[in-house]
Amino acid sequence: MRKKKESSFESSLQRLQQISDLLEKGEIGLEDSIKLYEEGINLAKNCYTTLKEAELKVTEIKKQFENGLKQ
Amino acid sequence: MSQQENLFSVSELTGQIKSTLEEQFDDISVIGEISNFKSHISGHWYFTLKDANAQISCTMWKGLNNYVFFTPQDGIKVIVQGRITVYPPRGNYQIEVRSMKPAGIGELQAAFEKLKQKLSAEGLFDDKHKGPIPKFPMKIGVVTAIDGAAFQDMKNIASRRYPLAEIIIASCKVQGEGAAQEISNSIKLLNERNDIDVIIVGRGGGSLEDLWAFNEEIVARAIFNSRIPVISAVGHEIDFTIADFVADLRAPTPSAAMELATPNKDDLFAFIDEFSYYFTQKISEIISDSKDEVSRTINSYGFRYPFDLIKNEFQFLDNLIYRFQNFFDNRFSLYKNKLAITESRLSSFDINSTLKRGFVIIKQNDKIIPRLKNFDKAKLTEIKFYDGEIKL
């Protein structure tokens, strides 16, 4: 399996999940909880906007390989 | 002379045979089973057509064999169409094939089974070669015909479900001659890039012949060698192709493949919403929990203890003061009484001692008369001696 950089959207979602888990456990102090909350809300907002405004992009790659592969 | 007339040179005879055969069998169709099939590097095909009792060599030139939608395999019964040619240098004859088709649908099925068994034996279908499909692809490679309905369907699905993705289409023929080659080239082309997360290889529904390119070995090997995970998406639910067996994941249709390749936008929105709601809920909980904890701490025994201590000291002090007060009050009144008694005794003792010595007290109307000028001869006079009183 090759390692690939994950999308920022994917890592945002993962961070959101992580924050939720941390808050759920309730082992974090009040100040840190509020910081996490702010981070989470911002992430959620960004993810929401990103997803809402996204438009599918379609790119065709041509058969340069006719030459490319034979070289 | 007649013998002379029947005398041919090898070339003359061969020439006559050649023209006889080639004129006689200029356009023929022959049914037979393929054996010794060889695809030469030049692109020409060489094989033998045989039945139980006879066999005949065949050639099919590059350019013509492009039009055969399937790659022949030994043991498959085909119908070829072409003409007889004689090759004088070798003195042999062969069929120069112009077109070829399977003798029946069962023949394709047989070819399918043979290839399936061969590739399976090689381990191309083994689970250990199958990779996971990424959940959040940034770029989805698609190998299909760009003007096909399948591609439209896939675009619609991707746009609806996960428009964050980009579709990279490597368009190719998906049926007919050369399709298998183009499909495998497109897969290789996508593999030359390093930004593709997953590849969908497929086409919409069609006849077994239409779908045949996906049963070709060259396509199977291209999928197997793809470093990028491949989802196969050929035809309908009921259609199974060799590509399906070798792909990392088989989708029943192209639309289903795109659904398997993408997360659902609505699910993601729900996920994000749930988080926003949950977070707000959770943080107010945490804040009110903290408040509770503060007030619990303040009311805890530990925090109350100093106050209790002070209260106790107060009480002790009050008690002490009260006891002192009582003590002094008691003492005070006791001394006061003693003093009063002593005082009266003292005072009475003075008079008595004077009287004892022979003095008397003259009283009129119960008042002591100390001076003569206060004495009234007319009034009753009381004389108090030490040992008694008389009235005169």
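**Exercise 1. Find how strand 11 of chain B is joined to strand 13 of chain B, and in which sense they run.**

Solution. The model is predicted.
Step 1. Take strand 11, residues 361-364 of chain B. It is joined to strand 13 of chain B by 3 bridges.
Step 2. Read the sense: the two strands run antiparallel.
Step 3. Pick a residue pair. B:Ile362 has B:Ile383, in strand 13 of chain B, as its bridge partner.

**Exercise 2. Follow strand 13 of chain B to strand 14 of chain B, and describe their pairing.**

Solution. 
Step 1. Strand 13 covers residues 382-385 of chain B. With strand 14 of chain B, strand 13 forms 4 bridges in the antiparallel sense.
Step 2. Locate a bridge. B:Ile383 is partnered by B:Ile390 in strand 14 of chain B.
Step 3. A hairpin of 2 residues links strand 13 of chain B to strand 14 of chain B.

**Exercise 3. Give the strand order of the sheet and decide which strands stand at its edges.**

Solution. 
Step 1. The sheet is open and has 4 strands of chain B. Their order is 12-11-13-14, with antiparallel pairing.
Step 2. Strand 12 (367-368) and strand 14 (388-391) of chain B each have a single partner strand, so these two stand at the edges.
Step 3. One side of each edge strand is therefore left without a neighbour in the sheet.

**Exercise 4. Classify the packing of helix 5 of chain B against helix 6 of chain B.**

Solution. 
Step 1. Two packed helices are described by the angle between their axes and the distance between the axes.
Step 2. For helix 5 (residues 179-192) and helix 6 (residues 217-225) of chain B, the angle is about 10 degrees and the axes are 8 Å apart.
Step 3. Angles under 35 degrees count as roughly parallel. Helix 5 and helix 6 of chain B are therefore roughly parallel to each other.
Step 4. List the contact. Helix 5 of chain B contributes B:Ala180, B:Gln181, B:Ile183, B:Ser184, B:Ile187 and B:Lys188. Helix 6 of chain B contributes B:Ile218, B:Val219, B:Ala222 and B:Ile223.
Step 5. Sort these residues: 7 are nonpolar, 2 polar and 1 charged.

Terms used. Residues are numbered from 1 along each chain as its sequence is written. Chains are lettered from A and ligands numbered from 1 in the order in which they are written. This is a predicted model: local features need pLDDT of at least 70, side-chain atom pairs count only at pLDDT 80 or more; totals for chains, interfaces and linings use all residues. Axes are lines fitted to C-alpha atoms, for helices over the stretch in contact, and angles run from 0 to 180 degrees between N-to-C directions. Angles under 35 degrees count as roughly parallel, over 145 as roughly antiparallel, 65 to 115 as roughly perpendicular and the rest as oblique. Two residues are in contact if their C-beta atoms, placed from the backbone, lie within 7 Å. Ala, Val, Leu, Ile, Met, Phe, Trp, Tyr, Cys and Pro count as nonpolar, Asp, Glu, Lys and Arg as charged, and the others, Gly among them, as polar. Two strands pair if DSSP finds at least two bridges between them.
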